[in-house]
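Visitor: I would like to learn how to read the features of a model like this one, beginning with the way its chains meet.

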Amino acid sequence: MAGGRLSMSGTSALVADHTQVTPERDIARDLARRALWVAPAFVLVGAVGWGVTGAASAAIALVLVVANFLIGAAIITRAVSISLNALYGAVLFGYLVRLGVLGVIAVVLKGSGDWFAAVPFAITLLVTHLGLLAWETRHVSASLAFPGLAPQPVQQVTPEENHAK
Amino acid sequence: MLNVLAQTAAGEMVEGLKAIGAGLGYGLAAIGPGIGIGTVVGNAISAMARQPESAGMARTTMFLGIAFTEALALIGFVVFILLLP
């Protein structure tokens, strides 16, 4: 019986530890960082093709993509700390709510005047979302030791360099 | 005069139908990814319940799976915003 109690408490401790890990938040932050790197290129393409209107629309699309990733990750992180059932409901309703909010934003932007260009907005939204995800898959480890992002390679320091420091 | 009114009404009707089509398309495009996300999350929860020690790995795969599936809905969103009058 003692062994059984020990096993149960061991499992609980394990579950508790893994709720402290937040791989999705790390990945979303990394996606946001990479979005910052590519943002000037998309804004430039929007500016060249559609002028200031295109640049503003591309920038808005980038903000929406990053916000979508961050909010999605925050929903998962919060729901996992409650329960697995909460996770299921939160992800599905979060998806619905985020799509609804995107739809409302689209209607508002379209109706707000001539400064919004739909084509650069649409191109930036799709290409950034898919491109960032494809890029991120190269940097995700998804192993037991590193469940989220892959660890950065450690630079080898030679004794001479160490002495120089 | 009646001809002008009829043309105006026809134009407004086309705009209205475009808006209805855009909304319907967006809604229909969201169904497939919804089913896909349900499958992804359901299987991830199953994995986490069976092997709590690999929960972090399952969550990583789940997050990326959800994001990739959402891209389908974003295609519907893009069509919606392009069709919106």
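Guide: Let us begin with the polar contact, which is a pair of N or O atoms within 3.5 Å, where within protein one must be able to donate a hydrogen and the other to accept it, and where residues adjacent in sequence count only if both atoms are side-chain atoms. This is a predicted model, in which local features need pLDDT of at least 70 and side-chain atom pairs count only at pLDDT 80 or more, while totals for chains, interfaces and linings use all residues. Side-chain values use heavy atoms, with hydrogens and water left out, residues are numbered from 1 along each chain as its sequence is written, and chains are lettered from A and ligands numbered from 1 in the order in which they are written.

Visitor: Which classes of residue make up the side of chain A that touches chain B?

Guide: The classes are set by residue type: Ala, Val, Leu, Ile, Met, Phe, Trp, Tyr, Cys and Pro count as nonpolar, Asp, Glu, Lys and Arg as charged, and the others, Gly among them, as polar. By that scheme, this side of chain A has 35 nonpolar, 10 polar and 3 charged residues. If contact is taken as heavy atoms within 4.5 Å, 48 residues of chain A are in contact with 36 residues of chain B. Buried area is the accessible area (1.4 Å probe) that two parts lose on being put together, summed over both, and between chain A and chain B it is about 3700 Å², of which carbon and sulfur atoms give 80%.

Visitor: How many salt bridges are there between chain A and chain B?

Guide: A salt bridge is a side-chain nitrogen of Lys or Arg within 4 Å of a carboxyl oxygen of Asp or Glu, and the count between chain A and chain B is 2. In one of them, Glu70(B) pairs with Arg98(A), the closest N and O atoms being 2.7 Å apart. This pair crosses between chains, from helix 2 of chain B to helix 3 of chain A.

Visitor: Is Arg98(A) buried or exposed?

Guide: Buried means under 20% relative accessible area, exposed over 50%, and partly exposed in between (1.4 Å probe, protein chains only). Arg98(A) has a relative accessible area of 13% and is therefore buried, and Glu70(B), at 7% relative accessibility, counts as buried too. Arg98(A) is also among the contacts of Ile75(A), which, leaving aside neighbours within four places in sequence, include Ala90(A), Val91(A) and Gly94(A) as well. Ile75(A) itself is found in helix 2 (residues 23-80) of chain A and counts as partly exposed because its relative accessibility is 23%.

Visitor: Where does the side chain of Glu136(A) find a salt-bridge partner?

Guide: The side chain of Glu136(A) meets that of Arg34(A) in a salt bridge (3.0 Å, N to O). The pair links distant parts of the chain, with Glu136(A) in helix 4 and Arg34(A) in helix 2 of chain A, 102 residues apart. Both Glu136(A) and Arg34(A) are buried, Glu136(A) at 0% relative accessibility.

Visitor: Which residues are linked with this pair in a network of salt bridges?

Guide: The network links Asp30(A), Arg33(A), Arg34(A) and Glu136(A). Within it, the side chains of Arg33(A) and Asp30(A) meet at 2.2 Å, N to O, and these two residues both lie in helix 2 of chain A, 3 residues apart, about one turn of the helix. Asp30(A) is buried, with a relative accessible area of 5%, whereas Arg33(A), at 37%, counts as partly exposed.

Visitor: What lies at the two ends of helix 3 of chain A?

Guide: At the N-terminal end, Ser83(A) caps the helix, with a side-chain oxygen 3.4 Å from the backbone nitrogen of Asn85(A). Helix 3 of chain A is followed by Gly113(A), whose phi is positive, near 135°.

Notes:
Helix = DSSP H or I, 4+ residues; strand = E, 2+ residues; numbered from the N terminus.
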